[in-house]
Amino acid sequence: MKGTYPEIQGGGSLILAWQVRNKHVLVIGGGEVAAGRIVNVLNADAKVTVVSPQDGLNDEVAFRVAQKQVTYIDRKFEPSDLDGVDMVLTAVDDPEASSQIYKLCHEKRIPANIADVPPECDFYFGSVHRDGPLQIMVSTNGNGPKLASIVRKQIAAGLPPNVGAAIQKVGALRRKLRKIAPNIEEGPKRMQWMSKVCESWSLEDLCEMDDADMEALLGFYKPGTVPSFEEVRLGEPDGAFDGSFGWL
């Protein structure tokens with residue numbers, strides 16, 4: 001049986017897409033690292049509070065504050081800042097203060113990331129490529145952030161330029177499919193049929209697909225077939241579709 005199952009390597013991190021929409025994220029610091037952290041959590045629709053003396057803000061963080069994209073507290077961190085917080089991101093050039101903040105977070109069971117101190121991180125930030133709904137993260141588990149960036153750029157360079165748009169269209173098609181086949185029992189069939197669509201259609205086809213194409217394509221769900229994009233555009237190839245997701 002050796003080799004049948006994936007080898008356990010150990011020493012890695014559990015890579016997750018953490019949903020922080022409307023969660024309260026505290027960013028301590030206002031420099032370049034803090035600026036990157038702020039962008040990451042704002043892009044995930046978190047509610048962000050920044051604690052830093054004004055003279056410690058770089059131009060980008062100052063812009064976020066001026067645009068009221070974040071809540072700003074003009075002073076150094078105080079323990080009461082942790083009240084009601086769901087996540088803490090610390091980016092200050094003070095190892096002793098950073099360690100103290102991590103200990104406070106640990107006591108309050110608040111997940112925290114302490115920049116440049118891997119042992120005092122409940123999670124790491126990787127190097128992320130973003131194209132619409134597509135997010136690809138590369139992590140070196142704290143060993144080499146610059147290498148993570150280099151690897152991420154190489155991966156991104158090999159991706160089709162329209163992959164993000166294609167994923168958006170697939171998402172729209174899935175939502176429409178759930179409306180016509182909402183039952184839990186339909187789950188496996190839905191997944192199998194959507195997989196066939198993704199495997200059969202090119203990224204260009206998926207990008208070009210409009211609402212009318214989706215409605216026509218969904219007519220093939222019940223028989224479990226997937227026509228080509230050209231067949232959908234030209235009309236029903238095998239029978240007559242009655243317009244209500246059934247066959248005449």
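Q: What numbering do the UniProt positions follow here?
A: They are in the numbering used here, with shortened feature names, and the annotations may be inferred rather than shown by experiment. The model is predicted, with local features needing pLDDT of at least 70, side-chain atom pairs 80 or more, and totals for chains, interfaces and linings using all residues. Residues are numbered from 1 along each chain as written, and side-chain values use heavy atoms, leaving out hydrogens and water.

Q: Where does UniProt put the Met8 C-terminal domain?
A: The unreviewed entry places "Siroheme biosynthesis protein Met8 C-terminal" at residues 160-227. That span is 68% helix and 0% strand (DSSP runs, H or I of at least four residues for helices, E of at least two for strands, numbered from the N terminus). Its end C-alpha atoms lie 23 Å apart.

Q: And the Siroheme synthase central domain, which residues?
A: Residues 131-156, again from an unreviewed UniProt entry.

Q: Switching to packing. At what angle do helix 1 and helix 2 pack?
A: About 40°, with the axes 9 Å apart; helix 1 is residues 32-43 and helix 2 is residues 59-66. Axes are fitted to C-alpha atoms over the stretch in contact, and angles run from 0 to 180 degrees between N-to-C directions.

Q: Which residues meet there?
A: Ala-35, Ile-38, Val-39 and Leu-42 in helix 1 meet Glu-60, Val-61 and Arg-64 in helix 2 (heavy atoms within 4.5 Å).
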